[in-house]
Amino acid sequence: MGAAAVADPFVPLPYRVGRVRRETRDITTLELTPVAGDRPDFQPGQFNMLYVFGVGEVAISVSGDPAVDGGYIHTVRDVGAVSGAIAKLHAGATVGVRGPYGTPWPVEAADGGDVVFVAGGLGLAPLRPAIYHVLRRRDRYGRVVLLYGTRSPADILFRQELERWRRRLDLEVLVTVDRADAGWRGDVGVVPRLIGRAGFDPHGTVGMVCGPEVMMRFTATALHDAGVANDHIYVSMERNMKCAIGLCGHCQFGPDFVCKDGPVMRYDRIADILTVREI
Amino acid sequence: MADVEPPITMQENMQATLSREGLRALIEALAARGYQVLGPTVRDGAIVYDEIAKLADLPAGWTDQQDAGRYRLERRTDEALFGYAVGPQSWRRFLHPPIERMWQAHRTPDGFTVTTPEEATPKFAFLGVRSCELHAIAIQDKVLIAGPYVDTGYQRRRLDNFIVAVNCGEAGGTCFCVSMNTGPKAAAGYDLALTELLDDDGHRFLIEAGSVAGAELLATLPHLAAMPEDIAAADAVVARTAGSMGPQLDTAGLKELLQSNPTHPHWDDVAARCLSCGNCTMVCPTCFCTTVEDHSDLTGQTAERVRKWDSCFTADYSYIHGGSVRTETKSRYRQWITHKLASWVDQFGTSGCVGCGRCMTWCPVGIDITVEAAAIRAAPKRSRGTGQETDHGGA
Amino acid sequence: MEGLERIVLAHPFFAGLEAELGPLISGCARNHRFDPGQYLAHEGDPADEFFLIRHGKVALEILPPGQQPIVFSTEGEGAIVGTSWLVPPYRWRFDARAVELTRAIGIDARCLRDKCEADPRLGYAMMKRIAPILARRLTETRMQILDVYGKRAK
């Protein structure tokens, strides 16, 4: 697996759609393989700009295992023109890919201590590569916890994988939903509530949080209240992206460009600005 | 005055005196070397940058009256060629064009391929670049070609870019380059620099080379050695300009001031006046924001991506997930001024503002960036994150 | 009642309680066991009892007519179920159903309310513990109302 040499960072490379899997009613996972050459290496937390012919580009995090050969795995939710078009693609279609871009999850920095992953909704997808990375080097970490929350039981993402992870003895998985019907025997309530129930030592723990921004704000505060240091909490930010390479200005969040100073950002550096309206 | 050709010297910073004939020769020499010569010219009641073929194309005898929200051309009593400040355009429109086709995609039986346009990169020679504009170009160099990813088009256009600077003889009504340490004297980033001298000794230009390429070209032009009196006169011109600035911007601690006052009530004050029209971002020489549009033709066989100038004042600049992050004029103005005067320092090491005054001149309601910054500085500091009146008395 | 008092005071809800108040509370306490599917309370019932969950899981739900019940929260070990007993008109605002086998201590609310009126120290000790729970649940409920995982209307 080598890095593809791209002369012009504005030009997408053609990739072929392979396996397509409908995850939930509006979320699809696709495997993308380069038409020529190998897929570049990527780090957990990075994203690609995916181009649909004549429609446009959208930033989508890679959701696959960085250590596995093959194409890019992307998990996409139908929320707009481009993502909707991507969600309707079949095997054999061609998409354009630029990337990978962005700052990764601090999986190396978390070595030696406990790790808490907190995912909300589709946020489990950008976190999944980091989970794979940690599980592959399991003996380098202390307690590993995954807390996952989503809208309802029907919206649980990667359900079979979550169940498989939950069966492991060296990983604690807690799942909650915002609402359910009486058939659900699991927890109902917001994801930060799971923090108190998980078994980890907050001192030295690294928290990686991914989901809707409101959920991440709430969760980061809750992790902090539980004793996790603010400079040990990481979130994955999202802003409007056009170029993804720091040249178009759109993704600015305070002084940071989400495309190159993010998307993974350390919470203590942005905690103040996160609560400023319309920053 | 007979021009004598001195021995050829390649001193990088050689100085000489050029007559009007010499300036004409300069324009012709650049054209002969394949440059597209661009410089100031009068059109539609303003001084804009366009192709210059002869001296008569330059705004001889014109000056500008500028103030917040005001721009008028007026006749001078002399025939100075550069007796004005800056117009609505900057050199950005050549180096970082308002519309640029990035690539085309063509459908194939099993997908599509992408091609980049095979257009020759023009060789630009800029005549009449002011010191503030030199700094603006250097700032855009930092943004567009000094980062981890390079704007390849901008890079190509800058490679063979010949710059003839002009030291300002007039301070515009909205100029504040002295506050920003960006002028009025051109210090670096030019191949040649002119100071126009128009007095009893005639109409001439002190010319200085700023690069080997500039010195080489100067050596081929009809010129005279620079006399000490002319050098002194040129210095006096620059000093007079520096002393006649209008606005001032206190830049001490400005970054921290703006970044720690995102909920200052003054933003409401500006928002009540700002039309969110985006003129400031169009005329600013350092603004670099762009957007992209993806089009396909009617047959659906060819698609292309076009890049265009964008503005942080537009409604969907910050659009995500079905809505915009910045819906209010207040937050957009705050974004623009904070980026320009504060965030830019974190991002690129310098202020994003060069004190050219264009944003003030071309604002329909005359918002003055120096006044707004001063208003934040003058009022008691507000607590960040609350909208309430809390005087922390120095905290 | 000493064994029950110990169990009551060991529950996280009463952490830090002054020793003298213990007997006042446990005097209103009794043991409960709920099988899966069994209801602890129904919406509209008088809030005469609230529950300290020792183990198990209780679903808080509301039943819109003609629809399936909607569960909006589950409470487990260490939590309490029922706060309306402290606020007039003292009526349950939702159904509470055991999801799994649940053991709980029921505290007689009328008994405890009378004692709180008589002894402000006890009253304040109860308010101090209930208020943070209400605040936290309010914040969490607001988050749920935002439907953060839902799609924004275009």
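1. In chain A, the C-alpha centres of domain 1 and domain 2 lie 23 Å apart. Domain 1 spans 13-101, and domain 2 is made of 115-239 + 255-273; the bounds come from an automatic or database domain assignment. Please keep in mind that this is a predicted model, where local features need pLDDT of at least 70, side-chain atom pairs count only at pLDDT 80 or more, and totals for chains, interfaces and linings use all residues. Residues are numbered from 1 along each chain as its sequence is written, with chains lettered from A and ligands numbered from 1 in the order in which they are written.

2. Between these domains of chain A, 16 residues of domain 1 are in contact with 16 residues of domain 2 (C-beta atoms, placed from the backbone, within 7 Å). On the domain 1 side, strand S1 (13-24) and strand S5 (72-77) of chain A are the elements giving two or more residues (strands are DSSP E runs of at least two residues, helices H or I runs of at least four, numbered from the N terminus).

3. Turning to the chains, 43 residues of chain B are in contact with 34 residues of chain A. Elements of chain B that each supply at least two residues to this side include strand S6 (99-108), strand S13 (290-296) and helix H11 (329-348).

4. Helix H13 (residues 369-378) of chain B has B:Ile369, B:Thr370, B:Glu372, B:Ala373 and B:Ile376 buried (20 or more other C-beta atoms within 10 Å of the residue's own, C-beta atoms being placed from the backbone). These residues sit on the same side of H13(B) because they cover an arc of only 165 degrees around the axis, taken from the directions from the helix axis to the C-beta atoms. Their cover includes helix H8 (254-259), helix H9 (266-273), H11 and helix H12 (358-361) of chain B.

Notes: Contact = placed C-beta atoms within 7 Å. Buried ≥ 20, exposed ≤ 12 C-beta atoms within 10 Å, placed from the backbone.
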